[in-house]
Amino acid sequence: MLQRYISKNLCSKLCSRQRNILFNLTLQGHSCKQCGFKLYSSHKVQALRNNNERSLLHGNNRFLLKLRYYTSQVDTQKKNGRVETIKDNTEIATSKKINVKLKPSELKRLLSLAEPEKWTLTGAIGLLFISSSVTMAVPFSLGMVLDIIYSGTNDLVTAREKLDELCLVLCGVFLVGGLCNFGRVYLMSISGQRMTQSLRKKVFSSIMRQEPAWFGRTSTGELVNRLSADTQLVGRNLSSNVSDGLRSLFMVGAGTGMMFYMSPSLALIGLCVVPPVSMLAVIYGRFVRGITRQLQDALAETSELAEEKISNIKTVKAFSKEKKECESYAQRIETLLQLAYKESLAVGSFYGLTGLSGNTIIILVLYYGGGMVATEQMTVGNLTSFLLYAAYVGISIGGLSSFYTELNKGMGAATRLWELMDREPKISTSGGLRPKERPKGELILENINFSYAGAPLIKGLTLHLLPGKNVALVGRSGCGKSTIASLILRLYDPDSGRVLLDGVDIRHLDPVWLRSHIGFVSQEPVLFSGSIKENILYGALDDCETSEEGKEAPWLVAARAAQLQEVAGGAGAGAAGWRRQVGARGSQLSGGQKQRVAIARAIVKNPKILILDEATSALDTYSEYLVDKALKEISRDRTVLTIAHRLSTIQSADEVAVVGDGVIVEKGTYTELMAKSDGYFKELINHQAFINSQPKNTTDVQNS
Ligand SMILES: Nc1ncnc2c1ncn2[C@@H]1O[C@H](COP(=O)(O)OP(=O)(O)OP(=O)(O)O)[C@@H](O)[C@H]1O
């Protein structure tokens with residue numbers, strides 16, 4: 001069953017991606033029920049291209065699958081345009097079994113989340129006990145009323161007076177009970193909301209802390225799902241669910257106590273159904289925890305698909321893939337539905353059985369209790385009270401089962417959150433040296449080796465960047481130019497070798513300090529929803545919004561340097577112009593306009609080092625001329641690394657460094673490199689000149 005689960009799920013996950021890369025999986029398996037796919041130990045299966053970690057849950061066991069591949073093999077496939085048989089030693093896969101049984105320490109950790117709300121929760125629990133006591137007083141009072149009525153007393157006036165008195169007291173008690181109930185629900189609800197929001201903040205900051213490589217392996221849908229659904233489930237568990245559970249527990253305890261008080265023998269008969277129900281609850285709880293985890297995983301995959309396709313709707317439409325996307329979504333929903341069916345079956349059976357046991361208690365009490373009334377061992381009032389207590393106990397056992405179900409769902413969600421919150425990033429967000437002086441800006445990449453997911457890309461690269469100099473980094477597409485920029489920004493750490501800033505290994509520097517001195521314009525600039533001004537200020541340090549007397553504010557200087565006046569409404573652009581909204585991901589701006597906002601955002605903090613990854617590629621010739629002029633101006637006294645394809649950008653650099661096969665193959669001025677008769681750079685430029693001279697006949701659709 002377990003093995004079938006793994007093969008079935010893994011297979012459906014892998015099949016859905018349809019990538020032609022093969023993996024060896026060190027897993028035993030049976031046939032996939034859906035497609036008949038067989039998974040044996042060391043069997044080759046179609047798998048994802050990127051390094052991939054998947055966790056699959058069955059019952060109490062989570063399986064962590066680590067899938068890896070070597071890029072060299074992928075490249076071979078790409079070049080030949082067909083799938084090749086991959087040698088056995090080219091892929092590695094491991095599986096690790098992690099037990100996720102509900103442990104007392106985890107329950108304690110779950111409860112510790114409620115620590116900041118302890119006083120509100122204590123108040124709510126106090127109110128809960130009062131309101132529950134009031135509820136538990138009902139059967140007893142009813143019994144008393146009945147006994148007054150059936151007492152056979154001839155003194156009707158006395159009976160009437162007793163009845164009036166009792167009903168008046170009961171009215172007051174019930175009013176207090178109602179108020180307490182309101183207070184309990186209100187306090188529990190607000191503390192639940194507060195716990196959810198605080199958990200969301202913690203989880204979000206854990207996500208923000210992680211290094212970029214981790215994001216490459218983790219789906220956005222899953223993260224969003226953890227942030228929204230899992231946190232809510234945990235928050236609700238610690239408030240409303242605990243409240244309802246405590247109420248049920250109190251009612252079961254008090255009800256059972258009263259039953260024993262009124263008739264121990266009848267109580268024993270009535271409660272004989274409790275032990276089997278409890279055992280059933282334990283088995284059921286384990287099942288629910290497992291299925292919740294699977295459901296949340298499936299939901300995350302579904303959200304990821306929806307998020308990716310909706311945010312790239314123009315590409316979907318341009319290729320008329322609406323129908324295909326709807327089908328893929330429906331397929332994921334179907335998987336979700338199958339899991340939901342399983343859950344519904346389990347929940348339905350459990351609720352049905354607990355309801356049945358509640359009713360069995362009542363029938364047993366009626367049967368034996370009726371006999372006791374007939375033999376005058378019990379009064380009618382006592383039997384009625386007893387019956388009501390039995391009914392309350394029955395209903396509350398149902399309530400306890402629902403509490404247990406929710407608790408297990410909450411534990412499933414909490415373990416997912418802890419995985420995230422406990423993860424220590426490989427590159428910390430802050431901490432390390434923060435030199436007082438501004439850096440000079442001398443950068444040395446020393447014998448750098450770097451690989452993505454075990455696939456070597458940079459192989460012993462050395463590069464020296466001097467302050468005040470502009471170095472153009474050129475090379476074929478995919479040779480690793482952007483990766484070099486990422487290494488300088490310390491988005492990744494090299495496998496070996498060092499990146500030195502003014503002679504200090506950047507791994508010893510505070511990443512916040514380091515990045516505050518680097519301005520970066522990426523190849524595909526990403527803007528955030530908000531105004532032009534807000535987007536520029538996103539790159540600012542502190543005081544870039546305000547200006548010194550008689551001077552323009554730094555953000556405005558940056559905006560003008562990046563030729564943004566026209567985007568904000570012309571030369572005399574006023575405050576309203578700079579408040580122009582850019583839309584989600586900058587969708588209301590053209591590619592070139594987005595690039596200019598990104599340039600302004602990079603230079604607003606007056607960085608010592610400037611990395612421009614094809615920063616002017618989306619600009620028209622005139623804007624490029626203007627921005628280039630501005631960039632030249634602001635490049636003075638800075639270390640500039642320009643990743644460039646355009647000839648004009650390369651020609652204007654002080655030095656050109658050519659990347660090939662993971663190292664710098666050539667270095668020199670443009671003229672020097674072009675003077676080499678059989679140089680790599682010369683061939684590259686000649687090839688590019690040939691391509692540029694060909695008529696363009698393809699159009700790519702950009703999601704702008
Ligand atoms: N996060 C990643 N995970 C795995 N592989 C990656 C990742 N990012 C880039 N790569 C791979 O690394 C190689 C180098 O990528 P990079 O973006 O550095 O190249 P580039 O020289 O800047 O390319 P281009 O000129 O086309 O922008 C490519 O083969 C790419 O597929």
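Biologist: Start with a pair of strands. In what sense do β12 and β13 pair, and over how many bridges?
Modeller: Keep in mind that this is a predicted model. β12 covers residues 609-613 and β13 covers residues 639-643. The two run in the parallel sense, and the pairing spans 5 bridges.

Biologist: Which residue is the bridge partner of Leu-610 in β13?
Modeller: Strand β12 holds residues 609-613 and pairs with β13. The bridge partner of Leu-610 in β13 is Val-640.

Biologist: Which strands stand at the edges of the open sheet?
Modeller: The sheet has 6 strands with mixed pairing, in the order β11-β12-β13-β8-β14-β15. An edge strand has a single partner, so one side of it is left without a neighbour in the sheet. Those strands are β11 (518-521) and β15 (663-668).

Biologist: By how many degrees are neighbouring strands of this sheet turned against each other?
Modeller: The order to follow is β11-β12-β13-β8-β14-β15. Direction is ignored here, and the value is an average over neighbouring strands. It comes to 20 degrees.

Biologist: Which helix lies across β11 and β12?
Modeller: Look at residues 591-603. That helix runs at about 170 degrees to β11. Its name is α18.

Biologist: What hand does the crossing of α9 and α11 have, and which residue classes make up the contact?
Modeller: α9 passes α11 in a left-handed crossing. By class, their contact has 19 nonpolar, 6 polar and 6 charged residues.

Biologist: At what angle do α11 and α12 pack, and how far apart are their axes?
Modeller: α12 covers residues 380-422. α11 is roughly antiparallel to α12. The angle is about 165 degrees, and the axes are 9 Å apart.

Biologist: How many charged residues does the contact of α11 with α12 have?
Modeller: The crossing of α11 and α12 is right-handed. Their contact has 17 nonpolar and 10 polar residues. The number of charged residues is none.

Biologist: Is Pro-439 buried or exposed?
Modeller: Pro-439 is found in the loop between α12 (380-422) and β6 (443-452). It has 20 C-beta neighbours inside 10 Å. A residue with 20 or more counts as buried. So Pro-439 is buried.

Biologist: Which residue in the turn between β6 and β7 has a positive phi?
Modeller: β6 and β7 (residues 455-465) pair in the antiparallel sense over 8 bridges. Tyr-452 stands opposite Ala-455 in β7. The two strands form a hairpin with 2 residues between them. The turn residue with a positive phi, about 50 degrees, is Ala-453.

Biologist: Why is helix α13 largely enclosed by the rest of the structure?
Modeller: α13 covers residues 481-488. Among its buried residues are Ile-484, Leu-487 and Ile-488.

Biologist: Which residue just after α13 takes a positive phi?
Modeller: The phi in question is about 55 degrees, and the residue is Arg-490.

Biologist: Last one. Which residues of α16 are buried?
Modeller: α16 (residues 554-561) is mostly covered, with 6 of its 8 residues buried. Gln-563 follows α16 with a positive phi near 60 degrees. The buried residues are Pro-554, Trp-555, Leu-556, Ala-558, Ala-559 and Ala-561.

Key
Residues are numbered from 1 along each chain as its sequence is written. This is a predicted model: local features need pLDDT of at least 70, side-chain atom pairs count only at pLDDT 80 or more; totals for chains, interfaces and linings use all residues. Two strands pair if DSSP finds at least two bridges between them. Helices (H or I, at least four residues) and strands (E, at least two) are DSSP runs, numbered from the N terminus. Axes are lines fitted to C-alpha atoms, for helices over the stretch in contact, and angles run from 0 to 180 degrees between N-to-C directions. Two residues are in contact if their C-beta atoms, placed from the backbone, lie within 7 Å. A crossing is left-handed if the near helix is turned anticlockwise from the far one by less than a right angle, and right-handed if clockwise. Ala, Val, Leu, Ile, Met, Phe, Trp, Tyr, Cys and Pro count as nonpolar, Asp, Glu, Lys and Arg as charged, and the others, Gly among them, as polar. A residue is buried if 20 or more other C-beta atoms lie within 10 Å of its own, exposed if 12 or fewer, and partly exposed in between; C-beta atoms are placed from the backbone. Angles under 35 degrees count as roughly parallel, over 145 as roughly antiparallel, 65 to 115 as roughly perpendicular and the rest as oblique.
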